[in-house]
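Please read them with the coordinates open.

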Amino acid sequence: MKIKDIVNRDIVNLTNCEHEPIHIPGSIQPHGFLIGVKDDDYTIDFCSENCSHYTGKPHREFLGSSFQSVFGKEAEQGLKNYIANISPLTSSPLIINYQHKHFFCSVHKSNNIFIIEAENIPEQEKLSPNSFEQTRQFLEQVEQTKTLKQLCDSVAQSTREITGYDRVMIYRFDEDYNGEVFAESVREDLEPFIGLHYPHTDIPAQARALYLRNLMRLIVDTNYKPVAIYTIDSATEKNLDLSNSLLRSISPIHIQYLQNMGVGATLTISLIHQNKLWGLIACHHYSPKNLSHSLRIAAQLQGYFLTSQIDVRQSNEEYAIAKKSNEALEKFLSKSFENNNASFSEIINTPQLLEICNATGVCICIDDDIYKNGKTPPDDFIQTVAKRLSEEYKHSGFDTTNISSIIGEAKDYSAVMSGIIYYSLSATNEDCIIWMRGETITEVNWGGDPNKAIIKDEKGLHPRKSFELWKEILRYKSKHWLKPELSAAASYAYTLQKHVSTLKLSEEEEKYRKLTEVLKENNEELENINWISTHDLQEPLRKIQMMASRIMGAEENTIPAKMNDLVIRMNNSAGKMQTLLKDILSYTRIKSTKDNTEKVDLNMLVKEVVSDFEENIKDKKATITVNPLPVVNGIPFLLKQLFINLLINALKFSDKERQQQIKIDAGETILDNGRHTGEFYRITFSDTGIGFEQKFAESIFNIFKRLHNQTQYEGSGVGLALCKKIMATHNGFITAEGQPGAGAKFELY
């Protein structure tokens with residue numbers, strides 16, 4: 001059987017430094033040994049080289065053997081029972097007896113391998129006599145804390161008392177995962193690190209990812225020599241994921257980093273809040289140090305307690321701010337403002353508008369007007385900000401502590417505008433409200449130059465060696481907006497948005513009211529004109545026709561033939577004028593508002609129309625076919641006028657070369673074309689006349705629209721427009737299809 005080690009010997013180089021595969025080092029720390037068994041038959045497929053140190057049996061004899069053959073049947077059954085009951089909350093270790101030696105074992109699964117990590121059981125594995133008393137004192141202290149900072153100080157102190165480490169820090173991450181020593185308990189002769197910041201490169205992304213999975217990491221001796229893991233050489237690139245391992249060997253860069261700080265041993269406990277890595281409990285000792293299993297659990301409980309209280313403590317801190325913001329908001333909302341543009345001047349000068357989110361300046365942009373209060377930049381820059389943000393945050397909100405990161409020229413006005421809360425007040429323009437704060441110039445103390453976290457020299461990559469205080473001045477950023485401040489701003493922005501919308505609606509209503517008055521006046525004038533055109537003009541036309549008739553009725557010799565012809569033409573023109581006036585009168589009588597409708601049998605109605613025009617039909621030698629028609633709700637005289645106009649139209653435009661055939665048919669249809677939706681009757685009125693080009697299918701319904709001159713076909717050009725208006729009055733519409741020389745078809749819905 002051939003075996004091989006799985007040590008990753010090329011972990012760090014210039015190309016993979018930020019992606020160092022620290023989860024597969026192929027080695028462990030020497031304060032315990034590791035065995036990996038297959039999940040199906042419990043064959044030992046991996047083991048660490050130091051098995052012989054703890055068991056007296058060489059690692060080669062472990063590989064390929066069954067777990068039972070090495071540790072015994074009782075140990076295998078104990079392992080299976082432990083695996084069956086293992087859970088994320090399991091804290092009790094598995095105890096394995098091997099040749100009268102007892103080992104504490106932690107067990108977890110990695111792919112198809114159960115990883116067993118064994119450590120010697122100390123002679124007295126129990127909490128120190130003072131541990132329970134320390135826990136009681138810790139809980140008493142916690143009850144006295146109100147803020148998150150006070151709680152973190154208590155956790156750091158308590159953890160150091162329980163574990164005995166030289167330094168215990170509560171290390172908190174910012175949004176970019178730069179770290180800050182937020183609280184600390186340290187041996188009196190050591191330099192404190194409290195308040196120091198460390199760049200995100202000190203704990204790279206892949207390490208943070210492991211902290212989310214494996215909540216505790218122990219380094220017993222930073223000067224340890226890694227112990228290789230061996231396996232049966234049965235596959236290429238065979239490896240073992242040690243993400244959840246307690247004994248996992250540490251990145252050589254991190255080990256060197258700790259050695260540069262003079263640290264001999266560490267314990268790190270992850271602080272997980274809202275499924276994110278909030279921070280760490282970082283314990284440093286300046287000589288090698290191991291912890292018993294019980295003390296590890298006791299330290300880890302400190303972390304659980306701290307993360308469970310983060311929201312509570314932050315809420316306590318924010319309560320006073322929230323109370324002040326809410327009181328200002330309630331007082332502000334209790335005020336009433338006029339529903340006009342002058343109200344914005346009153347709103348902007350109300351003190352509570354600044355107080356609701358503790359801003360130093362505020363502005364409201366409405367149309368082209370800017371209303372300001374407090375410390376604000378010039379109007380032209382406010383317009384620039386409003387325009388830029390409206391493009392991305394129209395009808396929504398946005399907040400930042402560094403507006404210059406979005407709008408570079410904001411640096412020129414950082415003293416009054418670095419942080420902003422922006423809310424759009426309209427979805428169609430740049431109306432908005434902007435609260436603002438000036439920059440807070442901050443001095444940040446770094447534990448070494450953050451720009452030199454990784455150093456490259458002739459020997460390769462190394463962590464920095466200098467941890468001397470390095471100061472950085474931060475500009476162009478304001479204090480953070482707290483949740484209660486943001487909530488109060490959002491609440492008022494919503495109220496202001498309703499105020500603006502109401503004002504705009506009032507303006508629109510006033511505009512439409514004035515338009516309605518103008519339209520009413522115009523309609524009255526049109527009605528007067530219509531009365532004149534359809535009544536007053538009738539009388540002179542009748543007189544013209546009467547005089548023409550008298551002249552034409554005189555003896556033929558009385559007037560010359562040429563003059564008689566002119567009189568005839570004058571009489572015909574007066575007749576056409578009368579017809580046009582009657583058609584206009586019919587058209588204008590159809591109101592947009594409906595008269596009372598009634599049941600109308602279209603079969604009877606069409607029969608009456610055909611009977612009335614029987615002589616005209618015979619003159620044109622036309623045939624009419626009428627299939628069964630429905631009973632509809634309608635206005636009888638209008639529907640009769642509809643069919644009269646269609647019939648006259650068909651007879652007028654019959655083809656002299658062939659007999660005119662007119663067909664009236666009906667059916668039901670369902671429409672859903674965007675313009676018309678629902679169930680309709682469809683009446684089809686088709687003929688075999690001269691037809692028309694389809695490009696005129698819509699324009700022929702326009703009033704006075706004619707496709708032929710009056711010398712060819714008489715008419716006023718009102719008939720089809722009248723049909724369209726009658727159909728609209730009956731919640732319907734009319735369409736036309738035509739083809740020159742092949743006839744026309746009108747469909748009434």
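1. In what order do the five strands of the open sheet lie? The order is β16-β15-β19-β18-β17, with antiparallel pairing, where two strands pair if DSSP finds at least two bridges between them. Helices (H or I, at least four residues) and strands (E, at least two) are DSSP runs, numbered from the N terminus. At the edges lie β16 (369-374) and β17 (397-400), each of which pairs on one side only.

2. This is a predicted model, in which local features need pLDDT of at least 70 and side-chain atom pairs count only at pLDDT 80 or more, whereas totals for chains, interfaces and linings use all residues. Residues are numbered from 1 along each chain as its sequence is written, and side-chain values use heavy atoms, with hydrogens and water left out.

3. Strand β19 deserves attention, since six of its six residues are buried, a word used for under 20% relative accessible area, with exposed for over 50% and partly exposed in between (1.4 Å probe, protein chains only). Cys432, Ile434 and Met436 point one way from β19, while Ile433, Trp435 and Arg437 point the other way. Strand β18 (residues 419-424) pairs with β19 (residues 432-437) in the antiparallel sense over six bridges, with Ile420 opposite Met436 and Tyr422 opposite Ile434. Five bridges join β15 to β19, also antiparallel, and here Val362 stands opposite Trp435.

4. Helix α12 (residues 379-393) packs on this sheet and touches β15 (361-366), β16, β17, β18 and β19, contact being heavy atoms within 4.5 Å. The direction of α12 makes about 60° with that of β18; axes are lines fitted to C-alpha atoms, for helices over the stretch in contact, and angles run from 0 to 180 degrees between N-to-C directions.

5. The largest nonpolar core has 38 residues, of which Leu642, Phe643, Leu646, Phe685 and Phe746 touch the most other members. Such a core is a set of buried Ala, Val, Leu, Ile, Met, Phe, Trp, Tyr and Cys residues joined through side-chain atoms within 4.5 Å. Helix α18 supplies the largest share, nine residues, and the elements giving at least two each include α18 (636-652), α19 (719-729), β29 (734-739) and β30 (743-748). Beyond its neighbours within four places in sequence, Leu646 is in contact with Phe685, Leu720, Cys723, Ile734, Phe746 and Leu748. A second, separate core of 30 residues includes Phe33, Tyr54, Ile83 and Tyr98.

6. Among the buried residues of α19 are Leu720, Cys723 and Ile726, and the helix is followed by Asn731, whose phi is positive, near 55°. Six bridges join β29 to β30 in an antiparallel arrangement, with Gln739 and Gly743 as bridge partners. The hairpin has three residues between these strands, and Gly741 takes a positive phi near 80°.
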